Amino acid sequence: MRVLVTGGAGFIGSNFVRHMLTTYPEIEIVNMDVLTYAGNLENLTVFEDDERHTLVRANIASEEEVEQVFRTHAIDVVVNFAAESHVDRSLHIGAEAFIRTNVMGVQVLLDAARVHGVGRFVQISTDEVYGSLGAEGSFTEETPLAPNNPYAATKAGADLLVRAAGKSHGVDVVITRCSNNFGPYQFPEKLIPLMIANALEHKSLPVYGDGMNVRDWIYVQDHCSAIDVVMRKGRSGEVYNIGSDHDVPNMEIVTQILGLLDRPESLITFVEDRPGHDRRYAMDSAKIRSELGWTPSLNFDEALKATVQWYLEHEEWLEHVRSGAYQSYYEMLYGARGPVV
Ligand code: NAD
Ligand code: DAU
């Protein structure tokens, strides 16, 4: 089987490529990534000389580049990870790149998949498309889409385009909606790696608002095994929620990281809140568990410990991704925020 993985040099995509190449000896991966700030070939150095892995630097929003990839490689399945993925960038830098990649790019891929008769199209979506929960309940696959920030809105738009390609053109599509991932190779703009990186340097840890926003945290390898199951066994046209039932406030995560790194809680700084900040996410993932027999394998404490350990052992990786443009991004986002008193 030849799988086109888009965005496979990013955090989850590179973990998925690793999962597939180590699990299936016969698999071939074509990894199409334009290498934005979030795409990093250092995430995949171990597969540099593996004949089963071909990296193509190309943009999913370019019809010519996508056509070239599909013409050159006979693709059986597409798994689309490629996206602008950070909420804060969509709020503070602008939505344009998000619309181009997350919406227009998805349509370009869907058209190519249809024209070239691809067997299955897996869209990697997110729980953020459902919006925010009150004190009770969790998102099911039937929860109406109600995105609250530009990133989430573009992901919701993509989900509708994917659905339409299935309904109108008979493309075999499936959509996964997962909760917050963490683990090795995550770019330090997201909560967990940013807090680890800052704590390592004894820098302050910027917590938005009151720190009581709740997310359901899943280890990236569990997300990858879930995508694998959906890709192989999911029913065409269906949506599958993926979550690990570890719903906790941000403050709990941050204090746990400080504990693991033996740093004082005085490093925590409450800063101005994210605009439109979703209060709580929680996933009901009963469908994938009962229908496809998937369950997450690691508990949160073990997985967080392993993640902290990974960053401790990969200081050079961290140094590389935080050089150059990262510093100006950090200054732009957090310099302007300042502590809330
Ligand atoms: P990431 O930002 O780490 O990686 C995105 C990758 O896509 C990068 O390698 C980047 O170079 C590539 N890319 C961006 N624009 C592209 C384009 N136009 N053409 C080709 N490649 C392009 O993101 P991530 O955290 O690994 O997320 C991957 C996917 O999973 C996204 O679709 C995201 O919406 C979804 N998701 C993420 C999470 C999470 O917690 N991180 C949770 C649920 C779903
Ligand atoms: O839920 C899935 C989504 O999870 C994915 O679709 C997105 O691609 C991914 O970025 C993530 O979105 P979040 O906005 O939930 O993740 P982030 O790591 O940016 O923030 C997690 C929580 O931590 C959120 O409540 C905001 C808060 N936060 C974040 C940062 C970066 C802080 O308090 N301080 C910070 O510096």
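Between which strand and which helix is the loop that holds Lys190 found? Lys190 belongs to the loop between strand 7 (180–182) and helix 6 (191–200), where helices (H or I, at least four residues) and strands (E, at least two) are DSSP runs numbered from the N terminus. This is a predicted model, in which local features need pLDDT of at least 70 and side-chain atom pairs count only at pLDDT 80 or more, while totals for chains, interfaces and linings use all residues. Residues are numbered from 1 along each chain as its sequence is written, chains are lettered from A and ligands numbered from 1 in the order in which they are written, and side-chain values use heavy atoms, with hydrogens and water left out.

Although Lys190 and Val87 are 103 residues apart in sequence, their C-alpha atoms are 9.2 Å apart in space. Leaving aside residues up to four places away in sequence, Lys190 touches Ser85 and His86, contact meaning heavy atoms within 4.5 Å.

We turn now to ligand 2. Of the 26 residues around ligand 2, those that come nearest are Thr126, Asp127, Tyr151, Arg274 and Tyr334; a residue is near a molecule if one of its heavy atoms lies within 4 Å of it. In the side chain of Tyr151, an N or O atom is 2.6 Å from an oxygen atom of ligand 2, and for Glu128 the corresponding distance is 2.8 Å. Two or more residues of the shell around ligand 2 come from each of helix 3 (87–92), helix 6 and strand 8 (205–208).

Technical notes:
A polar contact is a pair of N or O atoms within 3.5 Å; within protein, one must be able to donate a hydrogen and the other to accept it, and residues adjacent in sequence count only if both atoms are side-chain atoms.
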